[in-house]
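Take a slow walk along this chain with the structure beside you.

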Amino acid sequence: CAACHQIGPDATNRVGPTLEGVIGRTAGTEEGFAYSEAMVEAGKGGLVWNDESLHTYLENPRAMVKGTKMAFAGLKKPEDRDGVIAYIEASGGAM
């Protein structure tokens, strides 16, 4: 994740948006990041990042948001997704 995203109080957008405060954030709304139209539309359609939506997205991003720019195949093991979400929560990802 760190190759594209930052998290923490001084995090900035990189190849991907900052993950600071991502849990509870509407998809496609981090200020200053150029999202794909698909991600912006997903947010307008009601997608908010929470434990359940992150699990689904991290399993297969392109299946959940067709047209996302995120070039990541996904994490097939639920325990791997649990670990990433726990890290995000512990590192400042929760609003």
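Cys-4 is partly exposed, because its relative accessible area is 31%. The cut-offs are these: buried means under 20% relative accessible area, exposed over 50%, and partly exposed in between, with a 1.4 Å probe and protein chains only. This is a predicted model, where local features need pLDDT of at least 70, side-chain atom pairs count only at pLDDT 80 or more, and totals for chains, interfaces and linings use all residues. Residues are numbered from 1 along each chain as its sequence is written, and side-chain values use heavy atoms, with hydrogens and water left out.

How many disulfides does a search of the whole structure find? It finds zero. A disulfide here is a pair of cysteine sulfur atoms within 2.5 Å. The sulfur of Cys-1 has its closest cysteine sulfur in Cys-4, 8.7 Å away, and that is too far for a bond. Cys-1 counts as exposed, at 63% relative accessibility.

Next, the helices. Helices (H or I, at least four residues) and strands (E, at least two) are DSSP runs, numbered from the N terminus. In H1, the buried residues are Met-39, Ala-42 and Gly-43. They cover an arc of only 100° around the axis, so they sit on the same side of H1. That arc is taken from the directions from the helix axis to the C-beta atoms. An α-helix has 3.6 residues a turn, so residues three or four places apart point the same way. Turned away from the buried side of H1 is a face with the exposed residues Glu-37 and Lys-44. H2 is included in what covers the buried residues of H1. After H1 comes Gly-46, with a positive phi near 110°.

Helix H4 spans residues 78-93. It has 16 residues, yet its end C-alpha atoms are only 19 Å apart, short of the 22 Å that a straight helix would reach at 1.5 Å a residue. The expected span is 1.5 Å times one less than the number of residues. Which residues of H4 are buried? They are Arg-81, Val-84, Ile-85, Ile-88 and Gly-93. Seen down the axis of H4, these buried residues fall within an arc of 95°, so they line one face of the helix. The face turned away from them carries Glu-79, Tyr-87 and Ala-90, which are exposed. The buried residues of H4 pack against helix H2 (51-59), where contact means heavy atoms within 4.5 Å.

Now look for the largest pocket. Its volume is about 600 Å³. A pocket is an open set of points on a 1 Å grid over the protein atoms alone, where a 1.4 Å probe fits, with protein on both sides within 12 Å along at least five of seven lines; lining residues have an atom within 4 Å of a point. Grid points are joined across faces, edges and corners, and the volume is the space filled by probe spheres set on the points. Of the 28 lining residues, His-5, Gly-16, Pro-17, Tyr-57 and Met-70 are the closest to the centre. H2 and H4 each supply at least two residues of the lining. H2 gives the most, with three.

Asp-10 lies in the segment before H1 and counts as exposed at 71% relative accessibility. Gly-32 is found in the segment before helix H1 (37-44), and counts as exposed at 72%.
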